[in-house]
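Thanks for coming, everyone. Please take a look at the next slide, and then I'll walk you through it.

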Amino acid sequence: MKRAGLVLAVLAVAAWCLGPFLWQAVTSVKPDAELTHLPPLLPTEPTLAHYRSVLSGTPFLRFIANSAVVATCTTLLSLAIGSLAAFGLAKLRVRFKGLILLFVLSASMFPPIATVSPLYIIIRALGLRDTLWALIMTYTTFTLPLTVWVLTNFFREIPDEIYRASRVDGCSSFQSFVRVMLPLAAPGIVTAGILVFIFSWNEFLFALTFTATESSRTVPVAIALFPGMHEVPWGDIAAASVVVTIPLVVVVFIFQRRIVEGLTAGSVKG
Amino acid sequence: MSGRDQGSRFVLPAVIALSLVTVYPVLSVLYLSLHRKLLIFDISEFTGFDNYRFLLADDRFWNAFGNTAYFTMMSVSLELLLGLGIALLLNRTFRFKGVMTALVLVPWAIPTVVSARMWEWIYNTDFGILNHLLGMKINWLGSPFWAMNAAVVMDVWKTTPFVAILLLAGLKMIPQDLYQAARIDGAGRWSIFGRITLPLLMPVVIVVLIFRTMDAFRVFDAVYVLTGGGPANTTETLSIYAYKVLFQTLQFGYGSTLAVVVFLCVGAISLLYLGALRAEVEP
């Protein structure tokens, strides 16, 4: 009896978490005529027409490529700058260490809306408006607190003796960082990398503000501004949603433990 | 080894980047908020606190402020309750727990814009599945009463996973022998929950509240894509109002004033919670 209650609760939670997305998936394979009729809930003749129209009719592949470039570059840059800082903070003598950590943490609390107007003016002045660089630059900085925070925790867990031994063996601190410490912190790099990638793939406010044309538009903006001549093309939107969400769902299932680790890093332990 | 301060050069790039892209803009937005600046006409004049004086008398600002406060209170408290329930559930032993954790994370990973469009379709008056299941014809996103609550439900769906995952980590840190001792002493389920679980979970609850309250207070994309702030500005939050003034009417001065207010509110909220956290950790 108790067991049945537990199973029921688990099923209810699963349905609540997955239901809306499943409904979107069902919508994406419904023929247009059935979109405006309920029942039937499930399509009588599933169709891939919406996927075809999304992947060929609009420059959607371009948006996906833009998002992929932005998210990949952001992840690499944020990890490069962030891991340097995290290593320094965890293993080396740094003046004002406490202050710097506090600074990094409080920078993560800045609301994007409070920085978007000056950044827009700067980006316009630099001639970077409507380029992917504008987004990469902004996202890299906005994800730095997260990267630094997660990686500092990881570097701290590596014993100091390992670092000292590598220095005794003749490594400079930078060589030791690249050859010894980074490989040891690989799980942390993966964790931070996933979180940064997901943030950059999903970000909307800056992407909406800094891009103007299709050449630099990213996926979230494209989905928000989905072209609708007369009526909202619900089937196409659903297909586009599924296309951009599937990679994320796959990542979640593969890296579930890493993500949980990243989300809880520092916030619970510290 | 040479150099007492050799770590600084490792830290410097990050500090410079953060200063340029977060600290400088915040100072700059403060400066802008004291100006009348219209981007299209190249007008920029210092007006002191005029914008702030205007803000205090601006009905639309107070409306947005009220909406944001309502949205934040409703969604954060619902997320906390629901998230606690899910965390307690995931803390029990059953098979397929890994799969279940991954399932719970799905709404968290889905882009906010995508989830707004998903829910927009669910809420559709004529063809939405919600009205179909309820057997009603409610205009969820078109009615001033329902629209904000519809946005709250969407936000709760999207962000409860984060709350649940953090609370679960907190639950796992509570030593098991405390529970055993309580059971031996004959404590019931509810008194164990009220006297052991909840008090020991409190620091994590406050951390969750800090993150979620700040996030909810600066909400933009979720509501902007779902309703655009309508109907009749009943779902217009502070960030949406600021965005519209900045980028639809291009009034960078007054828009920046609104942005500063969001910044100050978020700062005040975090200070309040940090005080509570300190009181909790060091009794």
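**A cis bond, then the two chains**

B:Pro231 sits in the loop between α10 (221-226) and α11 (238-247) of chain B. The peptide bond leading from B:Gly230 to B:Pro231 is cis, with omega near -10°. Most peptide bonds are trans, and most residues other than glycine have a negative phi.

Some housekeeping. This is a predicted model, where local features need pLDDT of at least 70, side-chain atom pairs count only at pLDDT 80 or more, and totals for chains, interfaces and linings use all residues. Residues are numbered from 1 along each chain as its sequence is written, while chains are lettered from A and ligands numbered from 1 in the order in which they are written.

Now two residues with a positive phi. A:Phe96 is not a glycine, yet its phi is near 60°. A:Phe96 belongs to the loop between α4 and α5 (97-107) of chain A. Is A:Phe96 buried or exposed? A:Phe96 counts as exposed, because it has 12 C-beta neighbours inside 10 Å. The cut-offs: 20 or more other C-beta atoms within 10 Å of a residue's own make it buried, 12 or fewer make it exposed, and anything in between is partly exposed, with C-beta atoms placed from the backbone.

In chain B, look at B:Leu250. B:Leu250 is not a glycine either, and its phi is positive, about 55°. Its place is the loop between α11 and α12 (252-281) of chain B. With 13 other C-beta atoms within 10 Å, B:Leu250 is partly exposed.

Chain A has 14 helices and 0 strands. Helices here are DSSP runs of H or I with at least four residues, strands are runs of E with at least two, and both are numbered from the N terminus. The C-alpha trace of chain A spans about 75 × 65 × 30 Å along its principal axes. Chain A has 270 residues, and 49% of them count as buried. Take the contacts in chain A with a separation of 6 or more: 76% of them come from residues 24 or more positions apart. Two residues are in contact if their C-beta atoms, placed from the backbone, lie within 7 Å.

Chain B has 12 helices and 2 strands. Of the 283 residues in chain B, 44% are buried. Among contacts in chain B between residues at least 6 apart in sequence, 69% join residues at least 24 apart.

How do the chains meet? Here 74 residues of chain B are in contact with 71 residues of chain A. Helix α1 (residues 8-32) of chain B gives the most to the chain B side, with 15 residues. That side of chain B has 54 nonpolar, 14 polar and 6 charged residues. Nonpolar covers Ala, Val, Leu, Ile, Met, Phe, Trp, Tyr, Cys and Pro; charged covers Asp, Glu, Lys and Arg; the others, Gly among them, are polar.

Now a helix pair. Helix α4 (residues 60-91) and helix α7 (residues 132-157), both of chain A, pack at an angle of about 40°, with their axes 6 Å apart. That makes α4(A) oblique to α7(A). Angles under 35 degrees count as roughly parallel, over 145 as roughly antiparallel, 65 to 115 as roughly perpendicular, and the rest as oblique. The residues of this contact between α4(A) and α7(A) divide into 19 nonpolar, 9 polar and 2 charged.

On to helix α14 (residues 256-264) of chain A. Its buried residues include A:Ile259 and A:Leu263. The buried residues of α14(A) pack against α7, α10 (186-202) and α13 (234-254) of chain A, together with α4 (97-109) and α7 of chain B.

Helix α7 (residues 144-172) of chain B holds B:Gly170. B:Gly170 counts as buried, because it has 24 C-beta neighbours inside 10 Å.

Last, confidence. The predictor's confidence in each residue is pLDDT, from 0 to 100. Chain A has a mean pLDDT of 89, and 96% of its residues reach 70 or more. In chain A, confidence is lowest in helix α2 (residues 32-35), at a mean of 79, and highest in helix α11 (residues 205-210), at 95.

How values were computed:
Axes are lines fitted to C-alpha atoms, for helices over the stretch in contact, and angles run from 0 to 180 degrees between N-to-C directions.
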